[in-house]
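Hi,

Here is the structure I promised to pass on. Have a look at it first, and then read my notes below.

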Amino acid sequence: MSDRANSNARKREYYADSVYVDGNTIRRQQAVPQRQPEVPHKSRREIEEERARRAAVSRNLQRNLAMGRGYIVFLSVATAICFVICLTFIHLQSNISTHMSTISSMETALSNQKDSNDLIESRLETAMTLDEVKDRAEELGLVYPSTAQIQYFSVEDSDYMNQYTDVASR
């Protein structure tokens with residue numbers, strides 16, 4: 001029991017400056033008003049000197065905070081330049097997005113036109129067979145060329161040929 005009493009006494013000494021713990025709860029201490037330090041009395045001359053010093057500090061602060069005309073002009077010009085740069089940037093971004101949408105719509109139109117062209121071409125290819133072409137040519141009076149009308153040309157290493165005169169006139 002004496003060990004317990006010594007332990008409680010040590011706890012009280014330890015917590016004497018702060019919060020006293022009793023069991024598992026902490027209670028608030030009563031707030032004790034602090035003493036105001038005694039202010040030494042100043043003479044009239046010291047008070048006047050302090051006022052003059054404060055007035056000088058206030059004047060210097062006002063002078064430092066005041067903006068001159070040159071500084072205002074500089075800030076105005078810098079602000080105007082920034083504003084113009086921002087407007088130019090926004091205008092360029094707008095132009096780019098407009099051109100991108102125009103390009104996109106043109107690409108879509110081109111793709112649609114290519115699809116349509118391919119469809120028409122395939123219809124034309126399947127519309128007439130070779131037999132129909134032969135029958136139609138016979139109706140128009142066309143005939144196969146005779147062997148006397150066929151001329152053969154020899155081709156050297158080059159893959160093209162120049163024609164200087166009409167072949168049929170020979």
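How many residues apart are E50 and R54 in helix α2? They are 4 residues apart, which is about one helical turn. Their side chains meet in a salt bridge at 2.6 Å, N to O. (A salt bridge here is a side-chain nitrogen of Lys or Arg within 4 Å of a carboxyl oxygen of Asp or Glu.) R54 is exposed, with a relative accessible area of 58%. (Exposed means over 50% relative accessible area, buried means under 20%, and partly exposed is in between, with a 1.4 Å probe and protein chains only.)

Before you go further, some ground rules. This is a predicted model, where local features need pLDDT of at least 70 and side-chain atom pairs count only at pLDDT 80 or more, while totals for chains, interfaces and linings use all residues. Residues are numbered from 1 along each chain as its sequence is written, and side-chain values use heavy atoms, with hydrogens and water left out.

The pLDDT is the predictor's confidence in each residue, from 0 to 100. The protein chain has a mean of 80, and 74% of its residues reach 70 or more. Confidence is highest in α3, at 93, and lowest in strand β1 (residues 21-22), at a mean of 53. Where pLDDT is low, the predicted coordinates should not be read in detail.

**The layout**

The protein chain has 4 helices and 2 strands. Going from the N terminus, the order is α-β-β-α-α-α. (Helices are DSSP runs of H or I with at least four residues, strands are runs of E with at least two, and both are numbered from the N terminus.) Of the 170 residues, 1% count as buried. The accessible surface is about 17400 Å², and 57% of that belongs to carbon and sulfur atoms. (These areas come from the Shrake-Rupley method with a 1.4 Å probe; for residues, only the protein chains shown count as cover.)

The structure holds 4 salt bridges, and E50 with R54 is one of them. Side chains of opposite charge can pair when their charged atoms come close. In helix α2 (residues 44-65), R51 and E48 lie 3 residues apart, about one turn of the helix. Their side chains meet at 3.5 Å, N to O. R51 is exposed at 54%, whereas E48 is partly exposed at 40%.

Helix α4 (residues 130-139) has a pair too: E139 and R136 are 3 residues apart there, again about one helical turn. That salt bridge spans 3.1 Å, N to O. E139 is exposed at 61%, while R136 is partly exposed at 45%.

**Two surface patches**

(Patches are made of residues with over 30% relative accessible area and no salt bridge; like charges are joined within 9 Å, and nonpolar side chains, meaning Val, Leu, Ile, Met, Phe, Trp and Tyr, within 5 Å.) D115, D118, E121 and E125 form a negative one. (Asp and Glu count as negative, Lys and Arg as positive, and His and the chain ends are not counted; the place of a charge is NZ of Lys, CZ of Arg, CG of Asp or CD of Glu.) E121 lies in helix α3 (residues 69-127) and is partly exposed at 42%.

M67, Y71, I72, F74 and L75 make a nonpolar patch of about 510 Å². M67 sits in the loop between α2 and α3 and is exposed, at 53%.

Cheers
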